[in-house]
Amino acid sequence: MPELTECVAHGLLALNFFEREQVHQSWKLKNLWVDATKSERPRTPPGSPARSGKVYTLTACSPIKRGCTGAQTGVWPPMWRKFPSDREEPTSITTLELHGIEYTYRALILNLGALWLQVQYLTHTSVQWYSITQWKESICNVDLKTRGFKIGLALEFEDYVLAFPTLDLVFQPVWVNQRDELTLRSPDAYTQYDMFVACVSQWILDRATSSQTQRFGLACDAVRNAEDVWGGVGVYTVCELFFIAGVSPLLTEAEVFDNPSRTARLCEALYVYAARAREEVWDLLKPCIHDGILAPTDDQRMEYSRWLHVFGKLRTKMSPSMIRLLDSYVARLAEFEDTPNKTWNRSDTTDLYDVFDPAYITSGMEKPGHLSHLVFGTSSGLPGMVPTDPLTQMFKTRQLLESPTFLWPLAGCEWRHDQGRTVAAHDGWRPTYTYHGAKQIWCIMPNFPENSAPGLPTRNALEVRAITSIELDTLSDQERRKLTFRHVIYVSREVVVGPLEYCGNGRIVKKSGGGGKVLSLCRADPSLSPYYAEREMRGISRRGFALDQPGKAKGRMTAHQRAAVPNLRQRDSENVAVPPRKKRRIGADQRLILESLSIQ
């Protein structure tokens, strides 16, 4: 599922293009295009584009639906669909016109005048603009199997097509008459911080008081599963948030969300993370856009790894203060592990300080409504808002407001006297750890020893339940190395995480002899000459055979490998793809000879 940064990137890609072209083009809707599913294709007319696996246009009679199993919705606007019993023609979709685009951490929302369309990405769906020429000459002429991706839905306008490429056709279209009918929205921690804090407060209270909820699982899993509250937070984003907040993702839900400081730090971390995505991700995307198409190279894909602190990294840089705290944290855990027969309570061990550097959330502390009084403790004396926010009131009602912060005692003083400091001054590296539970977990803290226990009260609060450390699989260095960006991009040639990783991306094909580049919209793009189409397939195949790896000499393809590559089987001389003839300079003597020959 696309996470926060990906959804912001999809939104900006759609919005910025539309705002740039809005005054120059007509944005009346002409057609809706889709790819048929495997089960739908046999029911389409023989010889039709849909039967051959190509994208096709819908009509008002089209019954197809897409979305989650058991909750699928119509791709054609259901309020304007025509049924066999209808005597009158429904309103035509050509009366719709694109007036605006909005985005959330789950979906893209299109204002089409009389109707609104929300497209939820769900699993592997992205956004791509095509010119009408690119669409008709390339995408429409390549079947979905050869193309390498499917078109979930595409909206055709006069000069451009807004498409939603997808890997599996799993996305959710929602058509409504009014904007306020679109209710599937989690609060935006960046633009609706007060609402977000209120939702977090209610979420904690509901789970803490529910007899049906067990809060002994990992806090990071609880956050990742609460999509209606922590919008856009998925497998890798949650690891980044816990790093920024200085909270171990290996703590239980109750250990984190019964603690005001840890909860507030996670709220501020999400604000800072979302702010960076909105303010900086376009700078990441812009160099990857060619002729309006998002087409990142492998080196550009690697750039996103520099955005991340821990996910997919064998080691990470950190500030001197974090290094001191982390080294102390690791040493303290080793001390406890050396006494395996003695159980120790993590909730009572207040000198096991969280590895937190306030500089990571400094920008969040400058906004109205910040939670510094909870981050550093209500008795810290730090300047801030009057503590009447829902989160403070919730902890006060539950008599948890004076809980320990688990922060180094001078952390608050450092922040107060040096608020201008940033995290730019890195001067050290420390290794990361990778665990596998419900999902991958990347962090800078080792797991707790088996003799540790959260010491959490049970529902009736009359006894303490000692819970040993949660069982997680620890990945070896060899296993971890195979999950890094560099290995996945350059060696295994698979997909990593981030906004540059979607199946509908274009590809850059290098010309022979270093003579520039050409853009391929999909595999077997008809707009490419046969020579460059073959070069593209050869490059894809070579990477698949691990013949082109960074730092290694290029390998030679075997006859068997060549036979497995499309357009590289034994060809007749008349079918050999010939590269474009290069223009060569000729000398004066050669020119005179050629002129004399032409006269004769």
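Which strands does helix α1 lie across, and at about what angle does it run to β8? The legends below, prepared from a predicted model, begin with this view.

**Figure 1. Helix α1 against strands β8 and β10.** Helix α1, formed by residues 4-21, lies across β8 and β10 (160-166). Its direction is at about 35° to that of β8. Both strands belong to an open sheet of 5 strands, ordered β2-β1-β9-β10-β8 and paired in the antiparallel sense. The edges of this sheet are β2 (56-57) and β8 (128-131), each of which pairs on one side only.

Figure 2. N31 is placed opposite E156 of β9. In a regular strand, side chains alternate between the two faces of the sheet.

**Figure 3. The largest nonpolar core and the surroundings of L155.** This core comprises 135 residues, and L108, W129, L153, L155, W230 and L391 have the most contacts inside it. Helix α8 (residues 260-285) contributes the largest share, 13 residues. Apart from this core lies another, of 17 residues, which includes F149, A154, A295 and C522. When neighbours within four places in sequence are left aside, the residues in contact with L155 include L29, N31, L32, L110 and L112. L117, Y160, V161, L162 and F164 are also among the contacts of L155.

**Figure 4. The buried side of helix α15.** Helix α15 spans residues 485-492, and F485, V488, I489 and Y490 in this helix are buried. These residues lie on the same side of α15 because they cover an arc of only 165° around the axis. Helix α9 (298-303) is included in what covers the buried residues of α15. Just after α15, R493 adopts a positive phi of about 60°.

**Figure 5. Strand β11 and its pairing with β7.** Strand β11 (residues 172-176) is largely enclosed by the rest of the structure, because 4 of its 5 residues are buried. It runs antiparallel to β7 (residues 116-120), and 5 bridges join the two strands. In this pair, W116 stands opposite V176 of β11.

Figure 6. Most residues other than glycine have a negative phi. L122, in the loop between β7 and β8, has a positive phi near 55°. With a relative accessibility of 13%, L122 counts as buried, because the cut-off for burial is under 20%. L169 is located in the loop between β10 and β11. Although L169 is not a glycine, its phi is positive, at about 60°. L169 also counts as buried, with a relative accessibility of 8%.

**Figure 7. Residue E335 of helix α10 and residue P449.** E335 is part of helix α10, which covers residues 320-337. Its relative accessibility of 44% places E335 in the partly exposed class. Although E335 and P449 are 114 residues apart along the chain, their C-alpha atoms are separated by 9.9 Å.

**Figure 8. The protein chain as a whole, for orientation.** The chain contains 18 helices and 24 strands. Of its 600 residues, 51% are buried. Among contacts between residues at least 6 apart in sequence, 71% join residues at least 24 apart. The chain exposes about 29,100 Å², of which carbon and sulfur atoms supply 50%.

Terms used:
Residues are numbered from 1 along each chain as its sequence is written. This is a predicted model: local features need pLDDT of at least 70, side-chain atom pairs count only at pLDDT 80 or more; totals for chains, interfaces and linings use all residues. Side-chain values use heavy atoms; hydrogens and water are left out. Two strands pair if DSSP finds at least two bridges between them. Contact means heavy atoms within 4.5 Å. Axes are lines fitted to C-alpha atoms, for helices over the stretch in contact, and angles run from 0 to 180 degrees between N-to-C directions. Buried means under 20% relative accessible area, exposed over 50%, partly exposed in between (1.4 Å probe, protein chains only). Accessible areas come from the Shrake-Rupley method with a 1.4 Å probe; for residues, only the protein chains shown count as cover. The arc is that of the directions from the helix axis to the C-beta atoms. A nonpolar core is a set of buried Ala, Val, Leu, Ile, Met, Phe, Trp, Tyr and Cys residues joined through side-chain atoms within 4.5 Å.
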